[in-house]
Amino acid sequence: MIITVTLNTAIDKLYLVDELLPFEVGRVREVVNTAGGKGMNVSRVAALSGEDVTAMGFAGGYTGQLFRSLIREPNIRPAFTETSGETRSCINVRDKKTNRSTEFLEPGCPVTAQELDTFLADFRRELPNADVVTISGSMPAGVPSDFYSGLVREARALGKPILVDTSGAALRETIPAGPALIKPNTDELGQLTGADVSSMESCIAAAQQLREAGAGIVAVSLGKDGVLVVSKEGIFRGLTPDVPVVNTVGCGDSMVAGFAVSLAHKKPLEEAIRFAVAVSTANALTKETGYYRQEDLARLLPEIRVERVSRA
Ligand SMILES: Nc1ncnc2c1ncn2[C@@H]1O[C@H](COP(=O)(O)OP(=O)(O)OP(=O)(O)O)[C@@H](O)[C@H]1O
Ligand SMILES: [Mg+2]
């Protein structure tokens with residue numbers, strides 16, 4: 001079983017309109033509500049890969065109830081901690097004429113110290129049953145910046161691999177606690193290390209710096225150029241073929257799910273890289289976020305090249 005942690009949950013509302021015109025009444029042709037937050041994408045992709053998922057984080061109020069009800073996959077168990085504040089909504093208005101989106105992201109309600117304590121108690125109760133834990137996304141207001149590092153320490157104390165996919169101070173503070181894997185993209189890698197990451201050599205140097213600071217595996221995702229993996233077993237590249245991309249939103253989350261599923265089954269690193277690249281590329285082939293078709297995955301798996309760049 002995989003625990004996914006999504007503290008900053010949201011109801012993602014997709015509004016399809018004929019044409020978005022400011023200061024006019026807009027008729028919404030179609031509404032699609034999804035249980036959102038980056039860890040929910042991880043949950044869906046891990047569940048599609050056959051894994052049981054316990055989805056944790058915060059949900060509150062009427063929108064919190066709607067959020068829970070939107071999780072319909074039989075192998076995702078919602079185990080969210082109740083908050084007094086309402087779960088936020090994030091609205092994506094898609095203009096059918098141009099196929100472009102305009103997003104409105106609510107800030108969300110702060111969580112209280114007591115709600116954080118309740119979450120910790122819930123997390124400690126579920127943790128012994130997990131094979132792997134993932135933490136994704138930003139933190140709501142009211143959560144101290146060292147909160148993720150506390151979760152990493154708790155998981156490590158029980159010998160559970162924990163993967164962290166976030167950015168800024170939350171990620172920086174988490175690294176010394178020793179997450180099994182972090183998955184920055186190049187923007188996040190550059191921001192974190194302050195280094196220029198425009199060449200492969202500079203990416204490797206920056207990733208090595210994060211490994212020395214405490215991260216077990218540093219998987220730097222490179223969009224269509226696949227992934228660079230720096231680990232104690234050596235440095236690897238995972239390369240993806242050219243594909244007809246439909247929607248890349250959630251590709252990073254799908255990659256995290258791919259690594260989490262592989263770690264849960266103690267797969268060798270090169271196999272984990274192949275699976276993570278294949279799953280994330282398959283996500284790019286569908287319009288949904290955090291979803292892939294099994295036939296795309298089966299076709300892509302043998303097409304992913306995993307190359308060793310150097311020894312450890
Ligand atoms: N255009 C693309 N073509 C093929 N594969 C892609 C493409 N974009 C992303 N991928 C796959 O998804 C992985 C993760 O993508 P990316 O580096 O864009 O993550 P990200 O920036 O963290 O994304 P997000 O946080 O929006 O989910 C890549 O390593 C690659 O395997
Ligand atoms: Mg990302």
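I started with Glu-307. Its salt bridge goes to Arg-305, with the closest N and O atoms 3.0 Å apart. I looked up the exposure of Glu-307 as well: the residue is partly exposed, at a relative accessible area of 35%. I keep in mind that this is a predicted model.

Is Arg-125 buried or exposed? Arg-125 has 52% relative accessibility, so I noted it as exposed, the cut-off being over 50%. Glu-126 I noted as buried, because its relative accessible area is 7%, which is under 20%.

I then turned to Arg-293. This residue forms a salt bridge with Asp-296, and the closest N and O atoms lie 2.9 Å apart. Arg-293 is partly exposed, at 32% relative accessible area. Asp-296 counts as buried, at 5% relative accessibility.

Second topic: helices α3 and α4. I found α3 at residues 113-126 and α4 at residues 147-157. How do their axes run, roughly parallel or roughly antiparallel? The axes come within 12 Å and cross at roughly 20°. That angle is under 35 degrees, so I wrote the two helices down as roughly parallel. The crossing is right-handed.

I listed the residues that make this contact. From α3 they are Leu-116, Phe-119, Leu-120, Phe-123 and Arg-124. From α4 they are Phe-147, Leu-151 and Glu-154. By type I have 6 nonpolar, no polar and 2 charged residues.

Which residues of α4 are buried? I noted Phe-147, Tyr-148, Ser-149, Leu-151, Val-152 and Ala-155. Then I looked up what covers them. The cover includes α3, and also strands β1 (2-6), β9 (132-136) and β10 (162-165). Helix α5 (168-174) is also among the covering elements.

My last entry concerns the residue I checked just after α4. Gly-159 takes a positive phi there, of about 70°.

Note on methods. Residues numbered from 1 in each chain as written. Chains lettered and ligands numbered in written order. Predicted model: local features only at pLDDT ≥ 70, side-chain atom pairs only at ≥ 80, totals over all residues. Heavy atoms only, no water. Buried < 20%, exposed > 50% of the residue type's maximum accessible area, 1.4 Å probe, protein only. Salt bridge = Lys/Arg side-chain N within 4 Å of Asp/Glu carboxyl O. Axes fitted to C-alpha atoms, helices over the stretch in contact; angles between N-to-C directions. Helix = DSSP H or I, 4+ residues; strand = E, 2+ residues; numbered from the N terminus. Parallel < 35°, antiparallel > 145°, perpendicular 65-115°, else oblique. Left-handed = near helix turned anticlockwise from the far one by under 90°. Contact = heavy atoms within 4.5 Å. Nonpolar A, V, L, I, M, F, W, Y, C, P; charged D, E, K, R; others polar.
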